[in-house]
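Trainee: Hi! Could we go through a structure together? I'd like some practice with charged side chains.
Mentor: Happy to, let's have a look.

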Amino acid sequence: MNGISQTAKVSDSKAVIGRIAEWNDAKGYGWLDAGGKRVFVHIKDFERGQRRPVVGAEVSFTPGTDEQGRSRATALRLTKQGEGIAIGAWLIWAVLLVLPLSAGLFLPVPEWVLPTVMALVSLAAWFAYRSDKRRAQAGEWRIPEANLHLLELLGGWPGAFLAQRKFRHKTRKLSFQVVFVGIVLVHQLAAVDVIFGHLPSRLLLAKVGKVLREP
């Protein structure tokens, strides 16, 4: 087949996600489907040390072309499917929930209100992260980071915490993580304030007021 052994030229596009639609393992080439587009793929364009591709496997790749200008996938990498959330992450998640859920017992509302609100907003955050991950893989318009942070701030940070680890999304972007950690910290401090009858916030406001009144 013409073009199979030709060198691929990498485009300036970022990596996108596709799925192997046809694969001839004996000859080491096939085609993948990426958003309805058929793209040629050759075994030598896969990163080394990976398992052999099979039909249906999901791959990350950089769009490129061969010497005749035809679409060809480069920098291919089989994505890891079915990964769960590490036990350590679950433990951290559980510890972070202790103060906020305890604070709910001190609020002038039924005990079920706070856990229910957090669960519903966390569910919304989970699906927002999943949607944004899929959009990123497909090269589509993304969900604004401000929207994700708003869901976290409204009480959905537990769902966001788990979604980040399940979908491997936003975990390596430092600026995003700084804001996310800040939001979780705000919820922890607010919970402490509620548990201690708002004494910490009153003391802080008194201290600030004293400083402002000083000449």
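**Charged residues and their partners**

Mentor: Let's start with Lys170, which counts as buried at 13% relative accessibility. Keep in mind that this is a predicted model.

Trainee: Which residue does Lys170 form a salt bridge with?

Mentor: Its partner is Glu145, and the closest N and O atoms of the two are 2.9 Å apart. Glu145 sits in helix 3, while Lys170 is in the loop between helix 3 and helix 4 (174-195), so the pair links parts of the chain 25 residues apart.

Trainee: And Glu145, is that one buried or partly exposed?

Mentor: Glu145 is partly exposed, with 24% relative accessibility.

Trainee: OK, zooming out: how many salt bridges are found in the whole structure?

Mentor: The search finds six. One of them joins Glu58 and Arg19, with the closest N and O atoms 3.3 Å apart. Glu58 belongs to strand 5 and Arg19 to strand 2 (residues 16-24), so this pair ties together parts that are 39 residues apart in sequence.

Trainee: How accessible are those two, Glu58 and Arg19?

Mentor: Glu58 is buried, at 14% relative accessibility. Arg19 is partly exposed, at 40%.

Trainee: What is the relative accessible area of Asp132?

Mentor: It is 0%, so Asp132 is buried. Arg142 is partly exposed, with 37%.

Trainee: Switching topic: where is Asp45?

Mentor: Asp45 lies in the loop between strand 4 (37-42) and strand 5 (58-65).

Trainee: What does Asp45 touch, leaving out residues up to four places away in sequence?

Mentor: Asp45 touches Arg72, Ala73, Thr74, Ala75 and Leu76.

Notes. Residues numbered from 1 in each chain as written. Predicted model: local features only at pLDDT ≥ 70, side-chain atom pairs only at ≥ 80, totals over all residues. Heavy atoms only, no water. Helix = DSSP H or I, 4+ residues; strand = E, 2+ residues; numbered from the N terminus. Contact = heavy atoms within 4.5 Å. Salt bridge = Lys/Arg side-chain N within 4 Å of Asp/Glu carboxyl O. Buried < 20%, exposed > 50% of the residue type's maximum accessible area, 1.4 Å probe, protein only.
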